Amino acid sequence: RPSRDRSTMSAFVIIPADGKAAVRAGQSPSLQALWANFSGLVAKGLYASIDRVDLAEVEAVMGRTYTQRELLPREVFEELRHRYRVEARVLLPPEKAGEAVIMLLDSCGGLKGLPHNERATRQLAACGLSGDVRGDCAVCRLSLSDAGTVDMLDFQASDLLDRQWLELAQKKNARADRSDLAAPVLRAVEAVAAAPAVEPVTAPVEAPAHDEGTAAAAGPPEYTWEDAKSDVTVTIDVPQATTNGDVRCTFMADWLRVDVATLPAGARTVVEGRLFQRVDPDTCVWTLDTVTVEGKSARKLVLTLEKEKEMRWLELTRKA
């Protein structure tokens with residue numbers, strides 16, 4: 001990628017902790033400005049909840065033991081909710097100088113009870129890293145110079161699922177010298193964070209208010225999917241009267257379509273799209289199962305997709 005002029009704006013993305021909210025795009029003139037704006041966001045303690053506080057972290061920080069969250073004094077929680085520390089996780093380490101991808105997050109998320117960010121946690125795992133992300137996080141691309149300075153490069157929402165850099169990140173993060181690879185970019189980021197920012201970020205980092213009263217549009221039933229090492233399992237709730245003859249599953253190496261004839265007209269195609277990674281269509285299978293949920297019988301369509309390559313999936317089908 002070509003280097004960018006410092007006067008240009010560079011794209012970054014916010015991965016919300018709310019799994020139903022879309023990934024948000026923003027632009028920043030510099031990492032310095034993005035760091036300052038993200039710090040301002042997490043300092044507010046939005047979405048902190050005493051019901052999600054990690055009591056082990058509270059004990060480590062406060063030196064006090066609470067056996068139940070209900071015993072945590074409200075005044076202590078109010079002090080904790082405004083604590084924050086922005087941390088940079090290097091998703092893609094550079095080779096001495098070159099491109100890197102980092103994630104900015106609030107490392108005090110467990111302390112103040114921020115919600116678990118499952119998408120961001122999966123993003124870490126897809127890069128070969130461990131950790132439980134709490135709260136919203138930002139992801140951006142950097143260019144590290146030979147002199148140890150960094151400039152921002154564009155990083156779009158579609159880049160989160162880009163196979164090329166994810167596979168490269170897994171390989172680099174599995175190396176024994178992974179910490180040495182990440183160290184130069186972390187030092188550069190720390191230097192940027194120590195300097196005051198004066199440039200604004202053009203797009204707000206905060207999520208728009210969610211209208212709980214807005215009814216969802218009618219559509220096919222929601223499905224769940226689980227990612228294992230060698231396969232992906234998709235589970236779909238279907239009407240009780242559904243038989244094998246009502247189901248049509250089309251498995252292709254990079255495409256999946258599922259139709260259920262017993263669903264309402266206009267909602268019979270439950271899944272259709274390009275898969276996140278390639279599968280072996282000859283070994284993909286589906287079954288119709290009857291299970292008992294809360295004392296009631298339920299019908300479920302279960303698909304098992306055998307992966308062509310054992311790589312962590314971030315989505316079942318790609319959005320674009």
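Me: What should I know about the model and the numbering?
Reply: It's a predicted model, where local features need pLDDT of at least 70, side-chain atom pairs count only at pLDDT 80 or more, and totals for chains, interfaces and linings use all residues. Residues are numbered from 1 along each chain as its sequence is written, and side-chain values use heavy atoms, with hydrogens and water left out.

Me: OK, how many aromatic pairs does the structure hold?
Reply: Two. Rings of Phe, Tyr and Trp (its six-membered ring) pair if their centres lie within 6.5 Å; planes under 30 degrees apart are stacked, over 60 edge-to-face, the rest tilted.

Me: What's the geometry for Phe 155 and Trp 165?
Reply: Edge-to-face, with 6.0 Å centre to centre and 75° between the planes.

Me: Why does Phe 276 count as buried?
Reply: Because its relative accessibility is 0%. Trp 313 is buried as well, with a relative accessible area of 0%.

Me: Switching topic: what's the strand order in the open sheet of three strands?
Reply: The order is 9-10-11, with antiparallel pairing. Strands are DSSP runs of E, at least two residues, numbered from the N terminus, and two pair if DSSP finds at least two bridges between them.

Me: How many bridges join strand 10 to strand 11?
Reply: Five. Val 258 sits opposite Val 271 in strand 11.

Methods:
Buried < 20%, exposed > 50% of the residue type's maximum accessible area, 1.4 Å probe, protein only. Helix = DSSP H or I, 4+ residues; strand = E, 2+ residues; numbered from the N terminus.
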